[in-house]
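Me: Please walk me through this model, one feature at a time. Give me the general idea, then the case at hand.

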Amino acid sequence: MSVFVNKDTRLLVQGITGQEGQFHARSCIEYGTKVVAGVTPGKGGQKMDDVPIYNSVKEARAASGANASMILVPPPFAADAIMEAADAGIELVVCITEGIPVMDMMRVKNYLATKTTRLIGPNCPGIMTPGECKIGIMPNTMGKPGHVGVVSRSGTLTYEAMHQLTQVGFGQTTCIGIGGDPINGTNFIDCLEAFEADPETKAIVMIGEIGGNAEEDACEWIKANTDKPVVGFVAGLTAPPGRRMGHAGAIVSGGKGTAEAKIEAMKNSGVHHCENLGKMGDLCKKVF
Amino acid sequence: MKIHEYQAKELFRKYNVPTPNGKVAYKIEEVEKIADEFGLPVVVKAQVHAGGRGKGGGVKLAKTKEEVTQFADDIIGMTLVTKQTGAEGKKVNMVLVEQGVSIKKELYLSVIPDRETCSVAIVCSQDGGMDIEEVAAKTPERIITVHVSPTTGVQPFHMRQVCFGLELPKELMKPMSAIVKNLYNLFVDYDCSMLEINPLIITGEDNIIALDAKIDVDGNALYRHADVKDMHDADEEDPIELEASTFGLNYINLEGNVGNIVNGAGLAMATMDIVKQAGASPANFLDVGGGANAEAIENGFRLIMSDPSVKGILINVFGGILRCDVLAQGVVQAATKLKLSVPVVVRMEGTNVVEGRKILADSGLDLVNAVDLADAAEKVAALVA
């Protein structure tokens with residue numbers, strides 16, 4: 001079992017003819033993901049390696065039976081690409097693109113509220129069910145099959161967690177990077193709900209960072225809804241207020257979104273807070 | 001991207017949001033000339049990207065000719081220290097000179113994107129002119145928040161919620177509604193990430209005027225706002241941060257003694273945290289990004305070395321798209337060119353890590369290798385202690 005993606009997932013790639021699109025589509029294929037179609041408007045009828053390209057998502061879905069999409073188009077076109085995928089009835093959209101204007105994402109979220117499509121990202125490394133399916137840009141050497149669910153706002157911290165888990169002998173069911181933007185699709189609680197419902201997932205690692213209150217909400221949910229052990233980490237204790245720490249969503253302003261508040265919320269909800277990221281693997285070994 | 005008050009007011013005027021008459025001046029004589037033109041009193045306002053200017057002495061009301069000259073002299077060229085500038089303050093290069101207006105009542109109004117509800121929030125209060133965070137903490141009932149969905153845009157009922165919420169007299173509801181509508185449109189059209197007026201005043205003549213104006217535009221949307229891009233003031237930026245951005249590096253200057261080179265924003269923050277836990281303090285946040293090449297790494301190195309308080313450097317890279325061999329080449333390239341004067345601890349993991357480690361080992365450079373993140377932090381902290 002796994003969450004959101006598995007060996008049967010049929011992926012199409014929006015922006016497959018771009019440099020990034022080609023590179024990561026190939027990497028997903030190499031990993032074993034079933035990449036069944038690509039979309040680049042105006043290049044319908046061509047192929048990227050053996051993958052047929054279509055002008056629209058609608059057309060691609062009809063021809064290939066794709067049920068998931070990975071978006072690797074430049075920021076000015078990304079909101080449009082997400083909405084096109086949702087309009088075509090794609091069930092899962094993973095948007096890797098970084099730098100989408102907030103106002104665009106606001107319109108996208110309001111549009112998605114009228115659809116059944118699940119969006120992961122944007123500004124994220126994607127999602128991986130080790131050994132089965134990768135939709136995203138994680139290195140193929142990452143992760144191994146197992147029983148820990150990982151959810152994180154940060155890309156490289158997802159890698160760090162997967163690496164340390166693997167080092168201490170824990171494989172993963174599914175690892176999800178939900179992205180570092182202020183407005184994103186799937187949030188912590190969506191992932192936690194899915195991990196809770198998945199019998200194969202026995203434990204959870206949750207990695208947050210400063211900004212917003214998604215971590216606090218997630219902790220409330222954990223307290224009320226799951227008995228699975230959760231190890232949590234929050235990045236940004238030393239971040240100065242008022243500065244965006246790389247991610248558009250990672251900012252402490254007006255005293256809100258501080259690492260301290262999030263850590264406090266973790267401690268109050270029974271989450272095992274990891275103080276030293278370098279020792280996350282050891283802590284998981286102790287807790288799980 | 002923040003813009004100056006006078007620039008924000010230019011946008012206000014474009015959207016028919018009333019502002020006082022005002023002009024920008026760089027010299028004392030210019031201030032005097034503008035004051036002659038407007039007539040007394042005038043307000044002289046320092047133009048820097050920081051709040052709390054009034055308390056710091058950067059905003060003064062001149063009632064006489066002598067005061068005009070005096071205040072212009074005081075403010076132009078001063079180093080303004082407010083709670084937002086930090087102790088080092090900001091140098092004032094220009095002022096906005098505005099015609100004085102009579103104030104009957106001070107209101108507060110801001111527009112911000114609300115990440116939880118995915119809507120545009122219009123926040124207002126009758127308690128303008130004060131620190132709004134204090135109002136929110138002490139008397140939250142005096143803050144009115146109206147959420148506007150971007151799919152409908154601002155509707156008359158939103159405007160009524162603002163007007164009734166502010167307990168405005170009937171005759172001011174029409175002009176206030178127009179202001180709310182126009183500000184919402186400005187906010188959306190220009191991809192603002194913050195728009196704030198404190199105070200928005202009711203004058204003695206019962207006009208509503210934006211006495212102050214703050215606008216922050218979403219940096220990711222600047223590609224579609226060439227006019228705002230032109231408003232960028234390089235003097236407001238940290239020179240190292242500005243230079244870093246030209247190389248595609250995300251750099252934030254801090255006060256500590258350990259320079260950090262990291263890929264990924266989350267890992268960069270976590271690296272700063274772990275350096276602190278190990279007993280040292282981070283000198284910077286530096287995310288070289290996923291697609292960094294050897295040149296970018298070299299430039300990152302150079303920028304960190306230009307900070308005299310740096311006593312040691314920690315390189316922490318989890319190779320994904322950024323391959324460890326590319327990183328190692330950048331490190332060797334930089335270290336050879338720049339002649340390292342401080343110890344460098346390297347921790348890398350991920351894509352092509354074996355090749356990367358070999359490049360570093362073969363380089364003959366005096367680098368300290370770390371086996372994992374915890375080890376790296378302890379080693380660099382010991383070296384700078």
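Me: How many strands form the open sheet in the order 2-7-3-4 in chain B, and what is the pairing?

Reply: Strands of a sheet pair through backbone hydrogen bonds, either parallel or antiparallel. Pairing here requires that DSSP finds at least two bridges between two strands. Strands (E, at least two residues) and helices (H or I, at least four) are DSSP runs, numbered from the N terminus. In chain B, 4 strands form the open sheet 2-7-3-4, and the pairing is antiparallel. Its edge strands are strand 2 (22–25) and strand 4 (59–62) of chain B, each pairing on one side only. From one strand to the next, the twist averages 20°. Angles run from 0 to 180 degrees between N-to-C directions; axes are lines fitted to C-alpha atoms, for helices over the stretch in contact.

This is a predicted model: local features need pLDDT of at least 70, side-chain atom pairs count only at pLDDT 80 or more, and totals for chains, interfaces and linings use all residues. Residues are numbered from 1 along each chain as its sequence is written, while chains are lettered from A and ligands numbered from 1 in the order in which they are written.

Me: How many bridges join strand 2 and strand 7 of chain B? And which strands does helix 2 of chain B lie across?

Reply: Strand 2 of chain B pairs with strand 7 (residues 95–99) of chain B over 4 bridges, in the antiparallel sense. Gly22(B) has Glu98(B) as its bridge partner in strand 7 of chain B. Helix 2 (residues 28–38) of chain B lies across strand 2, strand 3 (42–46), strand 4 and strand 7 of chain B. The angle between helix 2 and strand 7 of chain B is about 15°.

Me: How is chain B divided into domains?

Reply: Domain bounds come from an automatic or database domain assignment. For chain B they give domain 1 (1–20 + 102–233), domain 2 (21–100) and domain 3 (237–384). Over C-alpha atoms, the centres of domain 1 and domain 3 of chain B are 42 Å apart.

Me: Which face of strand 13 of chain B is covered?

Reply: Start with burial. A residue is buried if 20 or more other C-beta atoms lie within 10 Å of its own, exposed if 12 or fewer, and partly exposed in between; C-beta atoms are placed from the backbone. In strand 13 (residues 214–217) of chain B, Ile215(B) and Val217(B) form the covered face. Lys214(B) and Asp216(B) form the uncovered one. Strand 1 (residues 2–3) of chain B pairs with strand 13 of chain B over 2 bridges, antiparallel. Strand 11 (residues 192–203) of chain B also runs antiparallel to strand 13 of chain B, joined by 4 bridges. Ile215(B) is the bridge partner of Ile3(B) and of Leu195(B).

Me: How many residues of helix 1 of chain B are buried?

Reply: An α-helix has 3.6 residues a turn, so residues three or four places apart point the same way. Helix 1 (residues 5–14) of chain B is mostly covered, with 7 of its 10 residues buried. Among them are Tyr6(B), Leu11(B) and Phe12(B). Just after helix 1 of chain B, Asn16(B) takes a positive phi of about 55°.

Me: What is the strand order in the 7-stranded sheet of chain A?

Reply: The order is 3-4-2-1-5-6-7, in an open sheet with mixed pairing. Strand 3 (47–48) and strand 7 (118–120) of chain A stand at the edges with a single partner strand each, so one side of each lacks a neighbour in the sheet. Strand 2 (residues 34–39) of chain A pairs in the parallel sense with strand 4 (residues 51–54) of chain A over 2 bridges. Strand 1 of chain A pairs with strand 2 of chain A, also parallel, over 5 bridges. Gly38(A) has Ile53(A) as its bridge partner in strand 4 of chain A, and Val13(A) stands opposite Gly38(A). In strand 2 of chain A, 5 of the 6 residues are buried, so this strand is largely enclosed by the rest of the structure.

Note on methods: Contact = placed C-beta atoms within 7 Å.
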